[in-house]
Amino acid sequence: MIPCKGIGINDYIAIGRAKVIVNHTDDDYPVKADNPKKEIERLHKAQEVAKTELQKLHDKTLETVGPDDALIFEMHQMMLDDVEFTEMIENEINNNSSSAEHAVIVARDNFSSMLLALNDDYMSQRADDVKDISGRLLDCLSNADSKAEGEEESDVPLIICAEDLLPSQVVSMDLDSVKAIALGKGSKNSHASILANSFGFASVVNLGDVFTNAAVNGCVVIVDGKKGEVVINPDKETLLEAKQLEIAQKKHLAHLQELKGQKAITKDGKEVELAANIGGPEDIPGVIENDADGIGLFRSEFIYLGVDDYPTEEEQFVIYKNVLEKMEGKRVVVRTLDIGSDKSADYFKLDEEENPALGLRAIRLCFSRDGLLGTQLRALFRASVYGRLAIMFPMIANVWEVERLIEICNQVKADLKSEGVKYDDNVEIGIMIETPAAALISDQLAPLVDFFSVGTNDLTQYTLACDRQNPNLIPFCDTHHDAVLSLIERAANAAHENDAWIGICGELANDSALTEQFLRMGIDELSMASSHILKIKDIVLNIDLSKKEKPTTTEIIVDDVLKK
Ligand code: PEP
Ligand code: MG
């Protein structure tokens, strides 16, 4: 039994078998192999596994997003069967005694260069598809070798173990089989953690390198998010204890299910809106399933991250329309793209920065790139007639930024009007309060907007000068720090004095220890990963704001000292 300490991302516990994911570079694969026949057999087996994976992704996307988005997986399946591509790989194996992996790399490079040389937009996109399916084949080839016995059984819950994961890797996980995530690196507020949390995976990060070891593959593992602990090959007693907790967790989750349909109202009648954070239309089933009052944060940058080139106005319009229609009149807050820092896509060709979190990110990048924001805003305003849209701008620190953003919105609306394109003139405009500057000048910002939403992940990082990605800073990063909480309270007061509403959409929104304090500040909306909504509703229903606030720990100590 090997217990490992890390950082728990949520309170969930899960038991399953480890599946180790190693992010390889080309140099990690063997170049030569001495049995071409065996390599070709390995190749064919990997092609079959890849096609099955793609079929599952196709079906999931078809169900959750729609046929247009599912088409890409159908196309990738067809490409895996492409005779020319397969022959290229087989020839490389037969003629040069290459390993199946090396042959895939050679064929990938040759085939994609051939397509790129045609100098045609369509063909260069196909070159990207070739890279994509080759990556999948390489994964299947290496996973086939390290696959543990029994892992193929689909009903065995999987615990994904890796050094780190890209947000896109978390997004493409099979929700039916994956129950937990154990990462060597990572921190509570990294985007991979936020996504893992939103899928309800029990998650522990910052565990060191033990989980990247292939020997862990297939081992029984307990991931305990509450304890921030992962146990490999637990003894019988530990396993039974974990099983009991898993059963209790299931019971609690069943109790939470009964809260569906009820509004989140405190015992003394204060209603708070519980909204969901999403990364794209694929998250909508979870939003509906968890009875969210709306969407408080649609991180629209994920639309830009999953692709190889800037999404067009039309492509974005389809996505926003889809989300608005599915939310059937409930408010959907779309945050304009927040690219930069830890979220980057190659085609943006961002300059290297010494301090990217303090760099040219979010609206700062939009101001420096012609057309970037305009395209997104056109798509958003066009989609606004299909539901109740609100637009929110990230990383605000100055009044002039908000004034300029409002001018851009007005210009976009004027253009649409002159083109005879319909839009909703009542779209609410809001900003994120995620820099200390924005909180401190919130009284100047509030008259300009309809709402604030506090991004506590960045607000904490910038207030406490603690990089949100750096696990070594955990002892210094008190998420309940008075400095952060008083900035939130200041923004809440400024909002209400100016007839604006205020929400919280950073991770603190799902911190049940703060729910009462946030309600006492007058926070109107809490937006979080859908999987937390019912848990927070349960807390809200048991709060009574008419009763005196519970004393803080410091007050109890002071009281005790005075009594003595
Ligand atoms: C935040 O900073 O709290 C936030 C919600 O935005 P993100 O986590 O995407 O930076
Ligand atoms: Mg942020």
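## Phenylalanine 381 and the nonpolar cores

Leaving aside residues up to four places away in sequence, phenylalanine 381 touches Ile391, Cys409, Val412, Lys413, Leu416, Lys422, Tyr423, Asp424, Val427 and Ile429, where contact means heavy atoms within 4.5 Å. Phe381 is also listed with Phe393, Phe452, Ile488, Phe518 and Leu526 as the residues that touch the most other members of the largest nonpolar core, which has 85 residues. Such a core is a set of buried Ala, Val, Leu, Ile, Met, Phe, Trp, Tyr and Cys residues joined through side-chain atoms within 4.5 Å, and buried means under 20% relative accessible area, with exposed over 50% and partly exposed in between (1.4 Å probe, protein chains only). A second, separate core of 27 residues includes Leu54, Leu80, Ile89 and Leu138.

## Basis of the model

This is a predicted model, in which local features need pLDDT of at least 70 and side-chain atom pairs count only at pLDDT 80 or more, while totals for chains, interfaces and linings use all residues. Residues are numbered from 1 along each chain as its sequence is written, chains are lettered from A and ligands numbered from 1 in the order in which they are written, and side-chain values use heavy atoms, with hydrogens and water left out.

## Serine 193

Serine 193 lies in helix H7, residues 191–198 (helices, H or I of at least four residues, and strands, E of at least two, are DSSP runs numbered from the N terminus). Serine 193 is buried, with a relative accessible area of 2%, and it touches Ile9, Ser187, Lys188 and Val205, not counting residues up to four places away in sequence.

## The magnesium ion

Glu434 (OE) and Asp458 (OD) coordinate the magnesium ion (ligand 2) at 2.1 to 2.2 Å; donors are N, O and S atoms within 2.8 Å of the metal (3.2 Å for Na, K and Ca), and water is not among the atoms, so sites may look incomplete. Both glutamate 434 and aspartate 458 are buried.
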